[in-house]
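Me: Hey, I've got a protein model open and I'm a bit lost. Can you walk me through it?

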Amino acid sequence: MSWLKAQGKLNQSSSEEEIRKFGLARITERSRCDPLTGCHVWFGDFYSCGYGRISFRGKSTNAHRVAWILTKGRLPQGVFVLHRCDNRACVNVEHLFLGSQRDNIIDMYKKGRGARGEKNGQAKINSEQVKQIRERTISGESQRSLANKFGISKTSIARVVHRITWANV
């Protein structure tokens, strides 16, 4: 509530409903509706990762989380507010849904946003090398030999061969 008091609009006797209305007005003032997507695009402050940032109850918080809380109510501990629209700047609660961290990761990969294969900054091989590894194991070359040639562990070779990793190739 301190962020609301700082605006001089609310005081100690302000009701939860007054706080909610003031907060929603603040969210509305700092967002604009994109007529093509229906996203309410936040244009206030941002985190470097692209999520809108707002001061809420004395803490810097994701703007879409605050929009959810003010519209739908408190969030259970450990619950994430996810975007159906994949627009990190969107604060339209109709585009938001609740989920776990696991749900967020699954949603990310379903929508093709996950860092798979060569897009993963920790990848030590590329798609072409994956194909070579699979072809060479079919031809009888040992996984140990391939591990030495490609500079990765024998376990990593086995995971490539059995499509535990690089399943998309």
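**A buried isoleucine**

Reply: Let's start with I133, which has 0% relative accessibility and so counts as buried. Buried means under 20% relative accessible area, exposed means over 50%, and partly exposed is in between, using a 1.4 Å probe and protein chains only.

Me: Before we go on, what kind of model is this, and how are residues numbered?

Reply: This is a predicted model, where local features need pLDDT of at least 70, side-chain atom pairs count only at pLDDT 80 or more, and totals for chains, interfaces and linings use all residues. Residues are numbered from 1 along each chain as its sequence is written, and side-chain values use heavy atoms, with hydrogens and water left out.

Me: OK, back to I133. Which helix is it in?

Reply: I133 lies in helix α5, residues 127-138. Helices (H or I, at least four residues) and strands (E, at least two) are DSSP runs, numbered from the N terminus.

Me: And what is I133 in contact with, leaving aside neighbours within four places in sequence?

Reply: I133 is in contact with I125, L146, F150, I152, I157, V160 and V161. Contact means heavy atoms within 4.5 Å.

Me: Let's take V161 from that list. Where does it sit, and is it buried or partly exposed?

Reply: V161 is in helix α7, residues 154-161. Its relative accessible area is 23%, so V161 is partly exposed. Leaving aside neighbours within four places in sequence, V161 is in contact with I133, R134, T137 and Q143.

Me: How far is V161 from F22?

Reply: Going C-alpha to C-alpha, V161 and F22 are 58 Å apart in space, and they are 139 residues apart in sequence.

Me: What about the turns?

Reply: β3 and β4 form a hairpin with 5 residues between them, and G50 in that turn has a positive phi of about 105°. β4 and β5 form a hairpin with 2 residues between them, where R57 in the turn has a positive phi of about 50°.

Me: Which residues of β4 are on its covered face, and which on the uncovered one?

Reply: In β4 (residues 52-56), G52, I54 and F56 are on the covered face, while R53 and S55 are on the uncovered one.

Me: Last one, zooming out. What does the chain look like overall?

Reply: The chain has 7 helices and 7 strands. Its C-alpha atoms fill a box of roughly 75 × 35 × 25 Å along the principal axes. Of the 169 residues, 31% count as buried.

Definitions and conventions. Pairing = 2+ DSSP bridges.
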